[in-house]
Amino acid sequence: MKACLAVGVVAWLCSASAWAQSSVTVFGFLEAQVGRQTQDAPGTKLYDMGGSRLGFKGDEDLGGGMKASFYLEHRLNPDDGTVGGGTTFWKGGSWVGLSHETAGSVKLGRWWSQAFLKSQYASDPFGMSTLGEGSYPTVGCGPAFRGGCLGAFWVNNSVSYENSFGGFGFGAQYSVESVLPGGKHPANVGVSYGDGPLYLGAGYEVSNDGSADERWASLAATYDFGVVKLYGGYGSGQDAAQVKRKNVIVGATAPVGAGQVIASYDMQDQGGARVEQLLSVGYKYFLSKRTNVFAVLANDTKAPAGTNKSGYALGMFHSF
């Protein structure tokens, strides 16, 4: 009996030790704003352009610098409580993977495009959030998503590799399944360098729509002078019909009081014609590290016929 009891205690201690080496985190944020969008049908509404989310992530220490990890991120619409992003429940990512402190990490499942993470996202001073981000042209999207996006936000059925050393970051991603039957497999690569106030990023991706001709290349650069942080981005590519698309974005953020002023000027050409010319200006006031309120004004002088050429938004952001 004593031997059995001893074995039970040892098993419990081992279990407790293993549990102590594991962690699960609940995270997310809610963004809600009242206003009208420059690329949407006329009318004031309550909406979310930041991608409100609820996520779960965790890892287990396997020893020897190895970890096993998982990630699940749900998107939702805070205005009515419905699923965000159509029918994809884990829209923001769903993967399981292994990582090593020096060899990097491998993720299997749905994850951010490495080109997006290293380049396109970094070039937008509005952080792909609020009214100011417009119609995602840094990812090669047409006005109001006409013709789809050339770049990808996430890639399904993917194998992703990420690593960083010093100020350098590298990521590569490949989808083991094609988007269309018999089509090409989406693939992308992203590199970055960050040292103090300077950040540089580049990305290249192909066949996100399954075609052989679709591609998108991008560059990003930011520099923080303290009194102002400058942003710049460039993207170039073509769709499956070999129609050329180009994007240029410049912007800045500057601390003012307990918040910051944000501004960007975003231009996109499609088939040799200017289809977006969006000027956005906003102010974000930080109530705490996790909560802010904001106001944004935007004007697009090249917006498609039948859509708003100006917009405004007043909103709130809270992370947890």
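In which strand is V159 found? V159 belongs to strand β7, which spans residues 154-165; strands here are DSSP runs of E of at least two residues, and helices are runs of H or I of at least four, both numbered from the N terminus. The structure is a predicted model, in which local features need pLDDT of at least 70 and side-chain atom pairs count only at pLDDT 80 or more, while totals for chains, interfaces and linings use all residues. Residues are numbered from 1 along each chain as its sequence is written, and side-chain values use heavy atoms, with hydrogens and water left out.

V159 counts as partly exposed because its relative accessibility is 34%; the class lies between buried (under 20% relative accessible area) and exposed (over 50%), for a 1.4 Å probe and protein chains only. Together with V96, V106, L108, Y174 and V176, V159 forms a nonpolar surface patch with about 500 Å² of accessible area. Such patches comprise residues with over 30% relative accessible area and no salt bridge, nonpolar side chains (Val, Leu, Ile, Met, Phe, Trp, Tyr) being joined within 5 Å and like charges within 9 Å. A salt bridge places a side-chain nitrogen of Lys or Arg within 4 Å of a carboxyl oxygen of Asp or Glu. Areas were computed by the Shrake-Rupley method with a 1.4 Å probe, and for residues only the protein chains shown count as cover.

W111 is located in strand β6 (residues 104-112) and is buried, at 9% relative accessible area. Beyond its neighbours within four places in sequence, W111 has contacts that include Y71, W95, F153, S158 and E162, a contact being heavy atoms within 4.5 Å. The side chains of W111 and E162 also make a polar contact at 3.1 Å. This term denotes a pair of N or O atoms within 3.5 Å; within protein, one must be able to donate a hydrogen and the other to accept it, and residues adjacent in sequence count only if both atoms are side-chain atoms.

In strand β10 (residues 198-206), L198 is partly exposed, with a relative accessible area of 28%. L198 touches Y193, T222 and Y223, residues up to four places away in sequence being excluded. The C-alpha atoms of L198 and D224 lie 6.7 Å apart, although the two residues are separated by 26 residues in sequence.

A search of the whole structure identified 1 disulfide, defined as a pair of cysteine sulfur atoms within 2.5 Å. C141 and C149 form this link, with their sulfur atoms 2.0 Å apart. The link is right-handed, with 95° about the S-S bond. C141 is buried at 0% relative accessible area, whereas C149 is partly exposed at 24%.
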